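Hi everyone, thanks for coming. Let me put the model up and walk you through a pocket and a sheet.

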Amino acid sequence: MAILKVARLGHPVLRRVAEPMSRAEILRPETQRLIDDMVETMHEYIGVGLAGPQVHVSRQIAVLECDAHPRHPDMTPIPLMVIINPVLTPISDEKATDWEGCLSIPDFRGVTPRYAAVRLEALGRKGERIDLVAKDFFARVLQHETDHLNGKVYLDRMDDLTTLCHLQEWSRFWLREEPEQEPE
Ligand SMILES: [Zn+2]
């Protein structure tokens, strides 16, 4: 296993639409190793998700997990998941707003509107079909990661850039609880 280098905003790979993966490709040892490395990288940087383009791999693959996350203690945990070729369909027009950060945009946070609930259709790490409905924080993380696979970042989804802030100022002026200064 290895910790992978994370691409930062400005690297063209983050703006490319990633290529889908076939079942045969998913099952290859190098893809399985990539998945293990992406999980290790996500854990190393205490992220709740990581998409292929963020580690310079322009393929439709992302990992996510939120298990009693130190920065999201009140959130429903998300079990470790691998999603490949994900397609999201909003359940309704209802949107929710919350703060988002990104490993590829270190030291920033911004209020980002997202669909409150989405249907996810994807393949898993063994090529198995995933079809589920996600709500709230889970739905938010899925939208954030799927955006990465389509060349988008959360800044593109913000409708009011005046909330964009550095983490230190976010802790000082916006956060009421225990300050947190690590990037997500
Ligand atoms: Zn991100």
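**The second largest pocket**

Fourteen is the number to start with: 14 residues line the second largest pocket, and Leu88, Tyr115, Gln143, Asp147 and Arg157 lie nearest its centre. Before going on, this is a predicted model, where local features need pLDDT of at least 70 and side-chain atom pairs pLDDT 80 or more, while totals for chains, interfaces and linings use all residues. Residues are numbered from 1 along each chain as its sequence is written, and side-chain values use heavy atoms, leaving out hydrogens and water.

By pocket I mean an open set of points on a 1 Å grid over the protein atoms alone, where a 1.4 Å probe fits, with protein on both sides within 12 Å along at least five of seven lines; lining residues have an atom within 4 Å of a point. The volume is about 280 Å³, counted as the space filled by probe spheres set on points joined across faces, edges and corners.

Which elements supply at least two lining residues each? Strand E3 (78–90), strand E5 (105–115) and helix H3 (136–149) do, and E3 gives the largest share, four residues. Helices (H or I, at least four residues) and strands (E, at least two) are DSSP runs, numbered from the N terminus.

Now the sheet. It is open, with three strands in the order E4-E5-E8 and antiparallel pairing; pairing takes at least two DSSP bridges. Strand E4 (95–102) and strand E8 (165–166) are the edges, each pairing on one side only. Two bridges join E5 to E8, and phenylalanine 108 stands opposite histidine 166 in E8.
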